[in-house]
4 protein chains.
Amino acid sequence: MKTPAIRRVGLVSRTDQVEALRLARGLHDALVKRGVEVILESEVAAKLKLEGVPLSRMDPDLLVVIGGDGTILRAAKTLPSSETPILGVKMGKTCFLGEVDPHEALRAIELVLAGHYELEENLKLRAIVGDLKVDVVNEVLLMTGQPAKVVKLKVEVEGEEVFEGLTDGVIVSTPTGSTGYALSAHGPIIDPKVEAYLMVYLNPLNLGVRPLIVAAESVTTLRLEGPGPKALLIADGEVIKELGEGSVVEVRRSPVKARFVRLRSGRGVFYSRLKDLMRRRGLRD
Amino acid sequence: MKTPAIRRVGLVSRTDQVEALRLARGLHDALVKRGVEVILESEVAAKLKLEGVPLSRMDPDLLVVIGGDGTILRAAKTLPSSETPILGVKMGKTCFLGEVDPHEALRAIELVLAGHYELEENLKLRAIVGDLKVDVVNEVLLMTGQPAKVVKLKVEVEGEEVFEGLTDGVIVSTPTGSTGYALSAHGPIIDPKVEAYLMVYLNPLNLGVRPLIVAAESVTTLRLEGPGPKALLIADGEVIKELGEGSVVEVRRSPVKARFVRLRSGRGVFYSRLKDLMRRRGLRD
Amino acid sequence: MKTPAIRRVGLVSRTDQVEALRLARGLHDALVKRGVEVILESEVAAKLKLEGVPLSRMDPDLLVVIGGDGTILRAAKTLPSSETPILGVKMGKTCFLGEVDPHEALRAIELVLAGHYELEENLKLRAIVGDLKVDVVNEVLLMTGQPAKVVKLKVEVEGEEVFEGLTDGVIVSTPTGSTGYALSAHGPIIDPKVEAYLMVYLNPLNLGVRPLIVAAESVTTLRLEGPGPKALLIADGEVIKELGEGSVVEVRRSPVKARFVRLRSGRGVFYSRLKDLMRRRGLRD
Amino acid sequence: MKTPAIRRVGLVSRTDQVEALRLARGLHDALVKRGVEVILESEVAAKLKLEGVPLSRMDPDLLVVIGGDGTILRAAKTLPSSETPILGVKMGKTCFLGEVDPHEALRAIELVLAGHYELEENLKLRAIVGDLKVDVVNEVLLMTGQPAKVVKLKVEVEGEEVFEGLTDGVIVSTPTGSTGYALSAHGPIIDPKVEAYLMVYLNPLNLGVRPLIVAAESVTTLRLEGPGPKALLIADGEVIKELGEGSVVEVRRSPVKARFVRLRSGRGVFYSRLKDLMRRRGLRD
């Protein structure tokens, strides 16, 4: 897609690491000096003794996020416009969504301001339970609320049962999320260009269960059967709701996209980033 | 897609089972009696002491195949027109491609002749090595030619390396094939409506390797590095070529589709058939 | 081992199923009629309006447990003498530890009273953290206390590191437990006659991690590194303790054994029971 | 065990690598100079233009093997005394059995000659089919003789069926072999001190099959049912026999042990070596 002009830069960072805050300060100062309008997220601003705006009221053309995948996912969920382009600066244990290392961050933002970037648009999923709707970049997770006690789930795709049984939970993941929690849970990797999403089960009693990839247009329902413990609905790592027996969660493609700023383009870019990820995940963390 | 009118029915069967041949005879006679033009495959014809035509010269509007997935895959590869609709009658150990059980076969053909059917069009893959081109319904398999001796493979998608290392082989599978050999090799299941294909490795030395799902438009190359044993290129279960060090196999989407006759329609049909498959594969074979 | 004479029969049951309570009543009455001394567990007794004794003060020669594996594991942990022989009557979702079906229960107890039985003695593990010691029949589980947030663990066997990294948790399982939670978590099956125990990781970030089987005499330490969420220590499905950063759990062979009453004997008995289990776990739950 | 005095040193090497032959020459000369009796294997000797003796007629107190696991396994199988201590010098793609790197080889041999070493004694398995008996250090593999065509196997332990179905094959592995081919085939790792052996299936159709660890004293039979292709019996990577329908292979503990020279001692040594292996197998090969 064509890349919109960027004028206002939002800046958010994890606040539990000195280096992250120091980088935030440096980027803020350097951009302001260049005459760029910078909006600091309020918690970061407080730490830096500057003025800030809560993420939920921020409306930048670009959001720069300093942190790991968790920080990016939380920011993506809180921004009022879910389609704001995000540039991730990697500072964390798991950083697959981020694009640049800290020392490249300023140069990267300059390139973006000059229009030299690509927007990667990735499928999001929407989980619907009763009146509640939540969009995820990575995954919806329905899991037991009681450690080591299985729940009884029934999962249907397009009205046809694809799973019924006892399990710790089920991950419904976007292709973007396939390199996240779903991968740890023995799932496959899916190129984000594939129009599909993924189901992976957490320690199901039925030993013949396999990950399932369904078309992006398919609607999935997760039904909590009973009797058994309560379950938790978790969206991109954040607990959203506690669910009791009989609850039904519908998962379907979201009408909005996740947008990530990429500095390299071309079909193979995903695979080049994947190579780094696999090297790191084959080593000690 | 709209369903073309069927007039000429081709009939092929496995020839190593009395019941399969008996069914072939029964279908032939019943259809001829109804005035349908039936073309018997020559080996089956010989067993039944009738006249026949080799598959490679047959040009029916519909091919009825009595047997397991192996019989269907062989027939699909031999027919001159790779897009002839196929109706599989299940008689074998593994029958996921087939649509009807033997006792339903005649009724099913009558429905098809009356136009009451759907055509499921599935992605095929094309393997290209030198001058050789071969299309597959299920999978391309590149594996060591020497039992228990690994080969060294390099796999690239869109020019980016996604695997390099020692392995017994790699399966490049269509969504249709994801319920075949790739599933035994610890791969995920992919709805045939997903525009993608799958790579699964056979006993790789690198323990962190995971199945990879790439977009249907992506081009994959398999490179046999050395030193090591010869490798075999296997297409839908049939050995096609022996390959030496330095050989390169390109795999990409085929311009033609596999077409299967389905009597039920709707988005969930795949999942209803999947349920049967999983039940059988969780049991003893 | 030789089988001690049984005189006093303890009786415990799950209390949330009418059929289980009805069976408890039936067994109680039939045994009392035969002059056998029966000690009812107090909760069951209350439901049946009879007199009972808490498990923690019960000292029978044989404990009959009506329920699934969870009921058996809880009873085993509560009995004052951890080596009391247990006869499991299968009434639950997962019943691998149990020996007989409900309709066989009375006949089975009669056989045991007549001395016609074998005692299967299985390795137990002991988890030690600070002053706390707990013995398990199936498994010790150290897992994150916050759903979907990994902990950082270091695992050492005999002082040598065998794992360090981010994971949802680790299961340390006896051979008996290898058909329980560890099996759902992709672990192998171990014949209880093998003098060894097993480690299986829950969704580790490192993709090359494999289950590890160590000699029964080996000592394992689980170290909760940080920073990260609290962890839970779970013994045979029951949360025992919350652990913070820097906590160390030592796991080693317990000096006591688990004793199960078996009516069939011989080396192959485990495999005959395994066959049933696998059939059930390959099917829908 | 106590370590016997070493006087005669046998020396074998892979012959397809210049560095391996150069090391063989260096070790030979240095040891002869020190007055040690060195027996060169005949193929190595021919390459070095020295005199040699075939492995099958060699009777040293210690066999030094330069190469990877394949070279060690072949040497172990050919020596007349299957209990000759082996010191592996690592030169190959997969070197878990070897003890020292090339540059440490001379110093290591000197330590062994001075009696400063330990003997690790590992369980071997014996495969028996008709009159043929073969002992393995790593694994017995029964697999299809026709690529991508499954065989029908029935596996029994102590006379009880533990598997029946279609599969590419089955690996029966010692604990030593658990870090070899069985590990690639999704098996667990077993400390060689555990008195047990392991079964892992190669791409079985039944999706609920799990690796199984049985007691060292258990007897396993592998039965080739039909109809289907021929199968190959492979011992430590070498094809031993072709088997037809109805063939039965018995696998049991061998009366002899594999003996490896280790320079470090103590319970944790295996885990220290394992750490290296896992690091390598998580990386590119």
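Predicted model: local features only at pLDDT ≥ 70, side-chain atom pairs only at ≥ 80, totals over all residues.
Local features are given only where pLDDT is at least 70 and side-chain atom pairs count only at pLDDT 80 or more, while totals for chains, interfaces and linings use all residues. Residues are numbered from 1 along each chain as its sequence is written, and chains are lettered from A and ligands numbered from 1 in the order in which they are written.

The contact between chain A and chain B takes 32 residues from chain A and 32 residues from chain B; two residues are in contact if their C-beta atoms, placed from the backbone, lie within 7 Å. On the side of chain A that touches chain B, at least two residues each come from β9 (160-167), β11 (189-190), β13 (212-215) and α6 (269-282) of chain A. Such helices (H or I, at least four residues) and strands (E, at least two) are DSSP runs, numbered from the N terminus. Helix α6(A) gives the most to this side, with seven residues. By class, the side of chain A that touches chain B has 16 nonpolar, six polar and 10 charged residues. Here Ala, Val, Leu, Ile, Met, Phe, Trp, Tyr, Cys and Pro count as nonpolar, Asp, Glu, Lys and Arg as charged, and the others, Gly among them, as polar.

Two copies of a chain are related by a rotation about an axis and a shift along it. For chain A on chain B, the superposition is a rotation of 180 degrees with 0.0 Å of shift along the axis, at an RMSD of 0.0 Å. The same surface serves both copies, since 100% of the contact residues of chain A recur in chain B. Copies are superposed by least squares on the C-alpha atoms of residues with pLDDT of at least 70 in both.

Chain C also touches chain A: 27 residues of chain C are in contact with 27 residues of chain A. On the chain C side, the elements that give two or more residues are β7 (139-144), β9 (160-167), α5 (181-184), β15 (231-235) and α6 (269-282). The largest share of that side, three residues, comes from β9(C). The residues of the side of chain C that touches chain A divide into 13 nonpolar, nine polar and five charged. Chain C is superposed on chain A by a rotation of 180 degrees with 0.1 Å of shift along its axis, again given with an RMSD of 0.0 Å. That is the relation of a two-fold axis. Because 100% of the interface residues of chain C are also interface residues in chain A, the copies meet through the same surface.

The sheets come next. Strands of a sheet pair through backbone hydrogen bonds, either parallel or antiparallel. An open sheet of seven strands has the order β16(A)-β15(A)-β7(A)-β10(A)-β12(A)-β13(A)-β11(B), and its pairing is mixed. Two strands pair if DSSP finds at least two bridges between them. The edges are β16 (238-243) of chain A and β11 of chain B, each with a single partner strand, so one side of each is left without a neighbour in the sheet. Two bridges join β13(A) to β11(B), and these strands run parallel; A:Leu212 stands opposite B:Ile189. Within chain A, five bridges join β7 (residues 139-144) to β10 (residues 169-173), which run antiparallel, and A:Leu142 stands opposite A:Val170 in β10(A).

Chains C and D also share an open sheet, in which seven strands follow the order β11(C)-β13(D)-β12(D)-β10(D)-β7(D)-β15(D)-β16(D) with mixed pairing. Its edge strands, β11 (189-190) of chain C and β16 (238-243) of chain D, each pair on one side only. Strand β11(C) is joined by two bridges to β13(D) (residues 212-215), and the two run parallel. In this pair, C:Ile190 stands opposite D:Ile213.

Another strand of chain C, β5 (residues 118-129), has 10 bridges to β17 (residues 248-262), which runs antiparallel to β5(C). C:Glu121 has C:Arg259 as its bridge partner in β17(C). Five bridges join β5(C) to β6(C) (residues 132-136), also antiparallel, and C:Ala127 is the bridge partner of C:Val134. β5(C) and β6(C) form a hairpin with two residues between them, and C:Gly130 in the turn has a positive phi of about 60 degrees.

In chain D, helices α1 (residues 18-33) and α4 (residues 105-113) meet through D:Leu23, D:Leu27, D:Ala30 and D:Leu31 in α1(D) and D:Ala105, D:Leu106 and D:Ile109 in α4(D). This contact has seven nonpolar, no polar and no charged residues.
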